[in-house]
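Please have the structure open as you read.

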Amino acid sequence: MEHTGEQHHPIRVYLVVWGLLFLLSAMSYLVDYFGVHPKELAWFLITAFALLKAGLIVSYFMHVRFERLSLVYAILLPPLLILALTAFVMAEGGYVFDVRAIFFGR
Amino acid sequence: MAQQIESPEDRARTWPRWLRDLVADWASDQQTFKVNWGKAMMWIFLISDMFVFGSFLSAYAAARLSATLPWPDPAKVFALHIGEAEVPLLLIAIMTFVLISSSGTMAIAVKYGYERNRAKAALFLTLTALLGLTFVGMQAFEWTKLIHEGFRPWTNPMGAPQFGSSFFMITGFHGLHVTAGVIYLATVASQVLRGAYEKTGYQRVEIAGLYWHFVDLVWVFIFAFFYLF
């Protein structure tokens, strides 16, 4: 398997992951449907379910769990920079909101 | 006299196995990625695509935080009327399940490809493409509905005008990826049926699968952060 680069896994693995993805999607939909309070808890749950789903897709459907570590790091580390970008622009967004509130009113 | 000098290789022998493998793979005169080149290239493309969608979602966060008018509630914007009842986000939930199912059928197609079961691999590839087509169709329906209700990239009747630009940009770009993926999968399916991979091996199916799962992955984040937040 290592030298051909082929991925051989029993079909059960894919069906279980498929089922888990269905379950996690349904749960995040229900969080919204029932309007979980407080809002922060809903955000936390939705983010957690999304990260779990992403982890399942990347690990099993995209086989990253079975790849060599050098490829895994090359794939998973660069996207972390996006978090830095998001943090910066969120701070910026809050600032722009304040400026608009001061100069344009509501 | 010939004092034993500890070479880097000797020192490395005391390292844990995972660290030795990692350093050896990234060291000079080495092939870093021990996968076929097509797979490495697809991953590099997908990483760049992650940055595209990451930037879009960041821009959406900034636009939403800086909006002084209230942000339209997605649960109301995307509600469907079933008889008397208004079900929030129903279409979006169905689209999510359709796309997840297409990822499941794709994974199974890759498996049958490696097992050299051409008929089943092509069948599941076609199924994946059809589910993708269903997804795009529902998205077209959603866009049409919203445009009829007065949603535009610069204005909408329910609040902050930035909602439209974020919505059309993000879902539009994602829909474009799904559309391209459907064409890609249809091509690969016909190649499988023709037996074009019998000599070269079925990595091509797995590489197409990487692309398709990535499209599903992006939808996970759009669904969570755009529709449910």
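A residue counts as buried if 20 or more other C-beta atoms lie within 10 Å of its own, exposed if 12 or fewer, and partly exposed in between, with C-beta atoms placed from the backbone. By that rule B:Arg116 is exposed, because 12 other C-beta atoms lie within 10 Å. B:Arg116 also has a positive phi of about 60° although it is not a glycine, and its place is in the loop between helix H5 (90-114) and helix H6 (118-148) of chain B.

A word on conventions: this is a predicted model, in which local features need pLDDT of at least 70, side-chain atom pairs count only at pLDDT 80 or more, and totals for chains, interfaces and linings use all residues. Residues are numbered from 1 along each chain as its sequence is written, while chains are lettered from A and ligands numbered from 1 in the order in which they are written. Helices are DSSP runs (H or I, at least four residues), numbered from the N terminus.

Chain A has a non-glycine residue with positive phi too: A:His63, near 60°. A:His63 sits in the loop between H2 and H3 of chain A and counts as partly exposed because it has 18 C-beta neighbours inside 10 Å.

Now for the two chains together: 46 residues of chain A are in contact with 48 residues of chain B, where contact means C-beta atoms, placed from the backbone, within 7 Å. Helix H1 (11-33), helix H2 (39-61), helix H3 (69-76) and helix H4 (80-104) of chain A each supply at least two residues of the side that touches chain B. H4(A) gives the most, with 13 residues.
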